[in-house]
Structure formats: C-alpha cells, structure tokens
Amino acid sequence: MLPCPERPSRWLCHGTLLVLLAAPLWAQVPQEPGDPPLGPPLYDPRAGMDADGRIPKPEFPADLEHPDRWRYTPPGRIKPGSILERFLVTSFASPILFRNADVGFGGGVALTDIDFRNERYREFANIVLTYSEEGQQAYRMNWSRWLHYRDLPDGGIVREERGRLFARGGYEKTLTRRYFGRGSRSRPEDESSYTEELSALGFGIRDTLDGQGGDWLWRADLHAEQHGLSGGRVQGVPSTSNVEAYAADYARGDGVTQAWLLLSLAHDTRDSLHQPYSGHRVGVSANLAQQSEGRSGGVLGFDAQQVWTLPPLFHQGGNGREEHPPTDSLAIGGYVQETVGSLPFYSLPSLGGGSTLRSYIENRFTDRAAAHGTVEYRAGIVPRGYAFSDTIRIERISAALFYDLGTVAGSVDALSRAHWHHSYGMGLRIGFAREAVFRIDVGWGTEGSNFTIGYGNTF
C-alpha cells in the first residue's frame, strides 16, 4: 500500500515516479553462421503483446485445473536484470513527502518489486520507509510467493493466484491514532488521539482444498504484535489517556503483546481474487489472539460477495482470445463481525478509512461488533492502458462509483438498533496487471470528505 494521509486538509502528500533512461541490455556482436549465441538472448519488451497493449492468450497446458484462475504473463513483461534495470517494468519506487503540524516535515520511499529476486514472477516484495522530524516513522516489508506456477513454451509464465505464501514484518510509530470511544453514535467532538508504537512479524499460507484453483479457499496465518501507547499529537484534541471515559481502555491497551492465529474458509467462485469480473464468495473467519497477562479473545466473521460482468460503457470489450480483456463489472460485498473474549480497543472491529465507510477517517467507529456493505461499479476508461515506452506501461485505467453502509454495536444482536452511516464517492483504478491495482478514492458523507490512496480493491 502507498501510505497517504486520511485528511487532505491537514496533510500534503506528493508521490512522484522517477524516469528511467533505458539502455540495451546486451550488445549485438556480429557472428559467423553456425556460431553459438553470445550471452543471454536479447530482451524484447513487446514479446507476447500487440502494439496496442493487447496480450493474446496462449494455449494453456491441458492439465491445468480452472484455467480462468491462472494469470498469464507474456515474455515481454519478464525483463531480466537488476532492480534498477527493471525499474518501472517490474520494480517501482514512489517517493513520499508530507508535512503536518502534528508530525512535522517527513518523507520516505515505497519500493515495490513484483519480480523479486528475478524469480520470473514467482515472488513479490514491498518495502516502505518513512520518517518525520517529530519522530513519526514506519519501516515495513511484505513478501509473498506463488505456490502453483508453470513456464510456457513461448517464454511466458502462468500462475494460479490463489495459492500463495506470505510473510510480513516491521516497526511503526504513529503519532496521530484516533479514538472516538465505542458505539455508532459517537460524535466528531468525542475525538481523542494517542501515539502507538507497533512491532509486528507474521507469516501465512493460502490455498484451495479441491485442487489447484478450486472453489474451496482456505487461509491460515500466525502473527505476533507488540503495542506501546503514549500521548497523542493531534493539535486541539485531547490525548486518549487524559479522557476519563477512555482511560480504562487506554490502560488495558498499553504494553500488550499479542499472538494471533487467523483462519478463514470460503466457497469462492470468482474468476480473480484481486480484480474479479464474475462469481461469488461466501466465507467465515476466526481471528484468535492469546495476549500478555493471560487474556484471550478474537473476532469471528462472516462475509459475502457477488460480482457481475456488465456491458462495456467506454470501450468495445475484448478482442478474440485475450489475457485480461477490458471488462466492466458491478460488485456487491459485505460482512458481519463480532468479538469474543477480551481484546484491547485497537483490535476491536472498526469502520472508517480507506476500505470501509470511505468518507470517514480511519477507526471513526469502534465497538465489539460491526456490519458493513458496499456496492461498486467499475468501468474501464482506458481499456488497454498507456505505454510511456516499450517497457514502461500501465495495463488498465478504470473509474469507480461506490456506496458504503455500515455500523457498529456492542453485539451482533444490537446492530439492528444502532445508527447506520453511509458514504458515497468515486475513484480511479490504475492497473499494472490484474493482480497489481492502485486505488485512488474520494468519499463524501455527513462529516465531510476523505481521500485515500491504496493498493488493491477494497473487496
């Protein structure tokens, strides 16, 4: 995810892409007929692609199960070389610059490599490094590796996107966490702030029960966190520890170490987990934590989604047998969560931010149970993206209209009596590949607007 603030009125955030001067990787040396080739073959950035960016879909191996859930990458997108030689093809750098009265001037960089270690798209890595003059900082790394993978005769590869290994870790010191107390009727003037130091490390696996690319999708993660709290820095807002109504929550949350076991199982017929155009998902989850001082708790969840393919609005759709043809879609999703046992306030279900109730700031509403629903219309506006050069290209640019509805309460039974909040808005989806989508959203609601930049769709 590209870190960008929740409140544009308080933050100034600029992300810029650097320009790479391309050079030939291998010099062509005259050879006599019959001589063996000198060095690795020349890299052709257009191999496997048409001039307009269309990617003809080759014949997949006959033994592939659920071939619609395998992602094809043509040889022209598998550039060899170092991370610098592959810059803006499979590696990206996004400088981050911000200023805020609460955290001072700050900056950093987000580095993403979708062909980490030159494993021909088997691995992905993302690193975020930021620091501000007041001491707000973040150092995070995410890594994943695909479990099911095939090389193809044309030089391209296919990956089944469901089976993956994950690892993540890092340290963050955030000076401007917000807490409004519990319940759906908390007011903007109930706002408090605190500083959180979070150290985290985890790993996980996701795969299917019924063969590669099957409908029954499971995931298991182990994750450890250590939380340290101190006074907040938001100007004009009291520290959470100094608000009488919040003091007990704050005290119970300071210095907590958590060991999480995250489990989920779903019947998922969608044609993609990252950019679906058809299918449904119905799933259950259990996120269970053993904590310091012998406390235990967890969050149980149920979720559902449905996606329909729609007639294209701004383009003509696909052209023949094509990998990732331009497609418009309508998606509906929602979930219900409830807490069991004892958890600190920052681990309870919450709404607001870049993924839920997108017009509100992060963690605007918190309680032991939550319900949320979203409908989103996604329409391609530049169906095959834009090529800055033979190697630097965006695969897809789409627009989105969305509506969010959600609430929180002390229990699932009380959700029907809670106050329901809504958001509506629009955004852009910039796709470097079907699995790599950057999201820009602006949401409006009863408390104003909120602007977010994130990685991936919200559901």
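**Glutamine 136 and the overall fold**

Glutamine 136 is located in the loop that joins strand 5 (123-132) to strand 6 (137-151), where strands are DSSP runs of E with at least two residues and helices are runs of H or I with at least four, numbered from the N terminus. The model is predicted, so local features need pLDDT of at least 70 and side-chain atom pairs count only at pLDDT 80 or more, whereas totals for chains, interfaces and linings use all residues. Residues are numbered from 1 along each chain as its sequence is written, and side-chain values use heavy atoms, with hydrogens and water left out.

Glutamine 136 has a relative accessible area of 12% and is therefore buried (under 20%, with a 1.4 Å probe and protein chains only). A polar atom of the glutamine 136 side chain lies 2.9 Å from the backbone nitrogen of leucine 175.

The protein as a whole contains one helix and 22 strands. Its radius of gyration is 23 Å, close to the 23 Å given by the globule rule for 459 residues, so the protein is as compact as a globular protein of that length; the radius is taken over C-alpha atoms, and the rule is 2.2 Å times the number of residues to the power 0.38. The C-alpha trace spans about 85 × 45 × 45 Å along its principal axes.

Of the 459 residues, 49% count as buried. Among contacts (heavy atoms within 4.5 Å) with a separation of 6 or more, 63% come from residues 24 or more positions apart. The accessible surface, computed by the Shrake-Rupley method with a 1.4 Å probe, comes to about 20800 Å², and carbon and sulfur atoms account for 59% of this surface.

Conventions. Buried means under 20% relative accessible area, exposed over 50%, partly exposed in between (1.4 Å probe, protein chains only). A polar contact is a pair of N or O atoms within 3.5 Å; within protein, one must be able to donate a hydrogen and the other to accept it, and residues adjacent in sequence count only if both atoms are side-chain atoms.
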